[in-house]
There are 2 protein chains.
Amino acid sequence: MIVGFDVGGTNARALLIDPTSGEVIDRDRESSAGAGPVLLATLLRMIQRLLDRNEASLEAVGLGVAGLAHRSGVIRYSPNLPDLVEYPLGSELGAVLGVPVTVMNDATAGTWAEAKLGAGRGSNDFIHAALGTGIGTGFVCGGRLIHGTNGFAGESGHMVVDANGPTHHTGQQGPWEYYASGSALGRTGQAQAEAGHFPAALRIAGSVAAIDGFTVVAALGAGDAEAARIFDGFCRHVARGLVNLALIFDPERIVIGGGLTDIGEPLRAGVDQWFDELLVGSSHRPKVLVVMAELGDDAGAIGAALVAADTP
Amino acid sequence: MIVGFDVGGTNARALLIDPTSGEVIDRDRESSAGAGPVLLATLLRMIQRLLDRNEASLEAVGLGVAGLAHRSGVIRYSPNLPDLVEYPLGSELGAVLGVPVTVMNDATAGTWAEAKLGAGRGSNDFIHAALGTGIGTGFVCGGRLIHGTNGFAGESGHMVVDANGPTHHTGQQGPWEYYASGSALGRTGQAQAEAGHFPAALRIAGSVAAIDGFTVVAALGAGDAEAARIFDGFCRHVARGLVNLALIFDPERIVIGGGLTDIGEPLRAGVDQWFDELLVGSSHRPKVLVVMAELGDDAGAIGAALVAADTP
């Protein structure tokens, strides 16, 4: 059995996975708070519980971590897990457990899960874009997952698309994630409510400050015209970055995942329409499929386990 | 022996290559003008001459073509070779010759040549950016060349970096190539000369209309301060797109090629400096090497031959 982890800024999610089928046998979750040694103890505790409950033996561990996870197992940079930076989580875990531990970026891990068991099945060339607080991406090219030389590939959320645009918290002007993350959808909703153009959102959320991406989606579901306008603009921003990536990778399909996946068809259709509109030479290219991810919140941990299973 | 072609908007360049060593045995060149059947006859003539002169037998042909070269061998879109669009050049050539013919994008081909014999040697993960009239790019990830599902990968010159920027001839606003191609360098030089800020360029070129990228480079070489200012801005634009690509791919190095390679160290050093300045989290990453391409104008034809040699 393999344990796959998705270590985010708030929680560490663990799945006990059968590496041959990819089946999720059991699951666990704890807070990811604390410095390296604390998180190490947390992960060890979760592994032990999963193994004990299922009378399983451990073959390997895969860790998907939000941030620049070096392939050596050291987290080099992670705004969401600042206490973890420069801690050799992979090698420490491997030393205690005596099994191979593979460390990777969480979005990269989720991409491999979608490739093997989700919306990327049957595709050798696809882009996975997870839209949440930020944007995480991953790429399968010629049937292989792109890791990069360090394991840092897929930081496309930081790709600058509007060099004279507003300054993001990264210090960059106009990165894709500023416009096309779930946070961006909420920010636009707040701005329109503040300006008095979006009473539906105020009714739903109670205050401007309480409006987030899901508020806009709720107003959209209720048929509000301003929500439809904001959402259309959002889909355009999402598509704009995906067009850049499609020009670079020439994918067969695009898989949209992350926290906004629950929106479903309106998001898929909106992005799909803008994508075709914005893609240079689209009339000369076979249609790029735009589909929704299938594995939800489990993608990162499943993918981490599957990459660990495939790592020699 | 393998014949590798680089088919551009003006000329078709042919190299007779020894596939085991990559050595260039002989070379030929003709105009690439004319519709599909005309170009077919041109390529066949060149192949025959190369084989006759060297008493060689033909094992395979590789074609690098400027444009969207579908892996089936059909050129789907090529602003520089409009007469060739939708002509099945690969299969027609294969039918006449009775050997495998592999068709690919010219920048993709050049990338593989640099990987095997040039500035990408020894690197499993690098980005190749050819700066010329436009920008062509190619990627090696985990030791493999990225083709994309159709063979269209590497159109990064069309990546939008300034969504509210000027409109390019592609119809897009603010694509990377608008700012960072050789044409862009010439355009900036013309604008500054027009405004009276760049007398050195006027002296070199004779008129505003005659100023191109090489004029700016000549003025730079002569120590002109305005040329240095323009060139620094140009290096920043080149680096900006490379930073986007580095965030996506996490390369070990970046290889700068294309018609501007002759500038040499000033271009390499200028791009290198801006790259580190603009890369998010650069202090947390190992240094990305910035190097100049080594194979010059031969890269496309050599790479086409080497890809053809590697194609089963």
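Predicted model: local features only at pLDDT ≥ 70, side-chain atom pairs only at ≥ 80, totals over all residues.
I started with helix H5 (residues 182-194) of chain B, which has 13 residues and spans 18 Å from first C-alpha to last, close to the 18 Å expected at 1.5 Å a residue. That expected span is 1.5 Å times one less than the number of residues. Helices here are DSSP runs of H or I with at least four residues, strands are runs of E with at least two, and both are numbered from the N terminus.

Residues are numbered from 1 along each chain as its sequence is written, while chains are lettered from A and ligands numbered from 1 in the order in which they are written.

**Who is buried in H5?**

I looked up burial next. A residue is buried if 20 or more other C-beta atoms, placed from the backbone, lie within 10 Å of its own, exposed if 12 or fewer, and partly exposed in between. The buried residues of H5(B) include Gly182(B), Leu185(B), Gly189(B) and Ala193(B). What covers them? Among the covering elements of chain B are strand S8 (126-131), helix H4 (176-180) and helix H8 (225-249).

Most residues other than glycine have a negative phi. I found Glu55(B) with a positive phi of about 45°, although it is not a glycine. Glu55(B) sits in the loop between helix H1 (36-54) and strand S4 (60-65) of chain B. Asp250(B) is not a glycine either, and its phi is positive, near 55°; its place is the loop between H8 and S11 of chain B. Buried or exposed? Glu55(B) is exposed, with 7 other C-beta atoms within 10 Å, whereas Asp250(B) is buried, with 26.

**The sheet**

I traced an open sheet of 5 strands in chain B, in the order S10-S9-S8-S11-S12, with mixed pairing. Two strands pair if DSSP finds at least two bridges between them. Strand S10 (144-145) and strand S12 (289-292) of chain B are at the edges with a single partner strand each, so one side of each has no neighbour in the sheet. Strand S11 (residues 253-257) of chain B runs parallel to S12(B), with 4 bridges, and Val255(B) has Val291(B) as its bridge partner in S12(B). Helix H3 (residues 106-117) of chain B packs on the sheet and touches S8, strand S9 (135-141), S10 and S11 of chain B. For contacts, the C-beta atoms of two residues, placed from the backbone, must lie within 7 Å.

**Two chains**

How do the copies relate? Chain B superposes on chain A by a rotation of 180° with 0.0 Å of shift along the axis (RMSD 0.0 Å), using least squares on C-alpha atoms of residues with pLDDT of at least 70 in both. The two copies are thus related as by a two-fold rotation axis. The same surface serves both, since 100% of the contact residues of chain B recur in chain A. I noted 40 residues of chain B in contact with 40 residues of chain A. H8(B) gives the largest share of chain B's side, 5 residues.

**Chain A overall**

Chain A has 10 helices and 12 strands, and 58% of its 312 residues count as buried.

Note on methods:
Axes fitted to C-alpha atoms, helices over the stretch in contact; angles between N-to-C directions.
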